[in-house]
Amino acid sequence: LILQWGFDRMANDGSFPGTGDAVHSTSLFLEAAARATILLDQYANDQVVSAWAPKLILMANYVATLSTVGSPGRSNNLEPFNHRYFLRAAGIHAATIPNDSGTYSSLENAAKNL
């Protein structure tokens with residue numbers, strides 16, 4: 001799958017360094033990959049879902065950490081474009097769906113602080 005190519009380029013912290021806008025690039029990939037993982041999960045593709053689910057949480061944590069109120073660089077990462085708020089919240093929420101690890105509540109709280 002093409003998304004595996006993207007996951008292979010992900011850093012250990014869940015970011016994608018070397019892009020023009022690493023935070024926004026990660027947000028875009030997070031939302032798309034999380035949505036794809038949810039769909040794959042519905043078709044019982046357990047191997048792919050199991051491999052990608054932890055990576056989604058890494059990306060969601062990276063995005064949430066840089067997007068919360070009071071975090072350094074928050075205004076650069078989110079302003080002046082409103083779609084960036086939606087994209088991050090949608091990605092963070094979608095990343096928690098294939099993960100039954102209890103990470104939902106902490107990421108949900110982070111999304112509320114976007």
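**View 1. The largest nonpolar core and its most connected members.** Of the 22 residues in the largest nonpolar core, the ones touching the most other members are Phe7, Phe29, Leu30, Leu56 and Met59. A nonpolar core is a set of buried Ala, Val, Leu, Ile, Met, Phe, Trp, Tyr and Cys residues joined through side-chain atoms within 4.5 Å. Two or more residues of this core are given by each of the elements α1 (2-7), α2 (22-42), α3 (46-67) and α5 (83-96). Helix α3 supplies the largest share, nine residues. Helices (H or I, at least four residues) and strands (E, at least two) are DSSP runs, numbered from the N terminus. The model is predicted: local features need pLDDT of at least 70, side-chain atom pairs count only at pLDDT 80 or more, and totals for chains, interfaces and linings use all residues. Residues are numbered from 1 along each chain as its sequence is written, and side-chain values use heavy atoms, with hydrogens and water left out.

**View 2. The surroundings of Leu30.** Contact means heavy atoms within 4.5 Å. Apart from neighbours within four places in sequence, Leu30 is in contact with Leu56, Met59, Ala60, Val63, Gly91, Ile92 and Ala95.

**View 3. The salt bridge between Glu31 and Arg35.** A salt bridge is a side-chain nitrogen of Lys or Arg within 4 Å of a carboxyl oxygen of Asp or Glu, and by this rule the count comes to one. The side chains of Glu31 and Arg35 form it, at 3.0 Å from N to O. Both residues belong to helix α2 and lie four residues apart, about one turn of the helix. Buried means under 20% relative accessible area, exposed over 50%, and partly exposed in between (1.4 Å probe, protein chains only). Glu31 is buried because its relative accessible area is 18%, whereas Arg35, at 48%, counts as partly exposed. Not counting residues up to four places away in sequence, Glu31 touches Leu87, Ala90 and Gly91.

**View 4. The crossing of helices α2 and α5.** The axes of these two helices, α2 and α5, come within 8 Å and cross at roughly 40°. Axes are lines fitted to C-alpha atoms, for helices over the stretch in contact, and angles run from 0 to 180 degrees between N-to-C directions. Angles under 35 degrees count as roughly parallel, over 145 as roughly antiparallel, 65 to 115 as roughly perpendicular and the rest as oblique; α2 and α5 are therefore oblique to each other. Among the residues of α2 that meet α5 are Val23, His24, Leu30, Glu31 and Ile38.
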